[in-house]
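Here is a short briefing for you to read alongside the coordinates. Keep the backbone torsions and the strand pairing in view as you go.

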Amino acid sequence: MSDNKNTVTDERDGLRKKIITKTDIIMLVLLIVAGVIGFISVKVFMKKGGSVRVSVDGETVKTYSLDDDGEYHIEGCDGGFNLLVIKDGKAYISEADCPDKLCVKQGKVSKEGETVICLPHKVVIEIVE
């Protein structure tokens with residue numbers, strides 16, 4: 001065996017074998033490119049939504065049109081709150097009293113099937129047709 005720990009030595013013929021080959025790198029690059037193309041195509045071809053469905057603990061509590069701008073106070077199942085904002089055809093949570101505020105960080109949604117979820121309050125904001 002060789003003293004170099006980064007290569008593998010075949011003791012029969014003394015050849016060093018590479019652990020990662022050119023083919024491995026090409027396959028990895030192709031997989032990344034295919035993933036990026038797939039992600040972009042899904043985002044581009046998603047239909048624009050028409051409404052925002054608000055669910056708390058699995059039950060639909062209200063539906064709002066994406067065409068009507070406004071701010072709506074949503075009571076979570078544990079007494080907490082989320083502030084839903086609909087503006088310029090997009091919906092997002094601008095405020096929440098949950099500890100991690102991941103729902104606020106999820107950003108704006110406007111296309112059918114997109115969601116904003118607040119797990120501590122069990123609130124789901126979903127864009128529907």
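Lys122 sits in the loop between strand E8 (115-118) and strand E9 (123-128); helices (H or I, at least four residues) and strands (E, at least two) are DSSP runs, numbered from the N terminus. This is a predicted model, where local features need pLDDT of at least 70 and side-chain atom pairs count only at pLDDT 80 or more, while totals for chains, interfaces and linings use all residues. Residues are numbered from 1 along each chain as its sequence is written, and side-chain values use heavy atoms, with hydrogens and water left out.

**Positive phi in loops**
- Most residues other than glycine have a negative phi.
- Lys122, which is not a glycine, has a positive phi of about 55°.
- With a relative accessible area of 43%, Lys122 is partly exposed (between buried, under 20%, and exposed, over 50%, using a 1.4 Å probe and protein chains only).
- Lys101, also other than glycine, has a positive phi near 55°.
- The loop holding Lys101 runs between E7 and helix H2 (102-105).
- Lys101 is partly exposed, at a relative accessible area of 34%.

**The E5-E6-E7 sheet**
- Three strands form an open sheet in the order E5-E6-E7, with antiparallel pairing (two strands pair if DSSP finds at least two bridges between them).
- Strand E5 (70-75) and strand E7 (90-96) are the edge strands, each pairing on one side only.
- On average, neighbouring strands of this sheet are turned by 25° against each other, direction ignored (axes are lines fitted to C-alpha atoms).
- E5 and strand E6 (residues 81-87) run antiparallel and are joined by 6 bridges.
- Opposite Glu71 stands Val85 in E6.

Conventions
Axes are lines fitted to C-alpha atoms, for helices over the stretch in contact, and angles run from 0 to 180 degrees between N-to-C directions.
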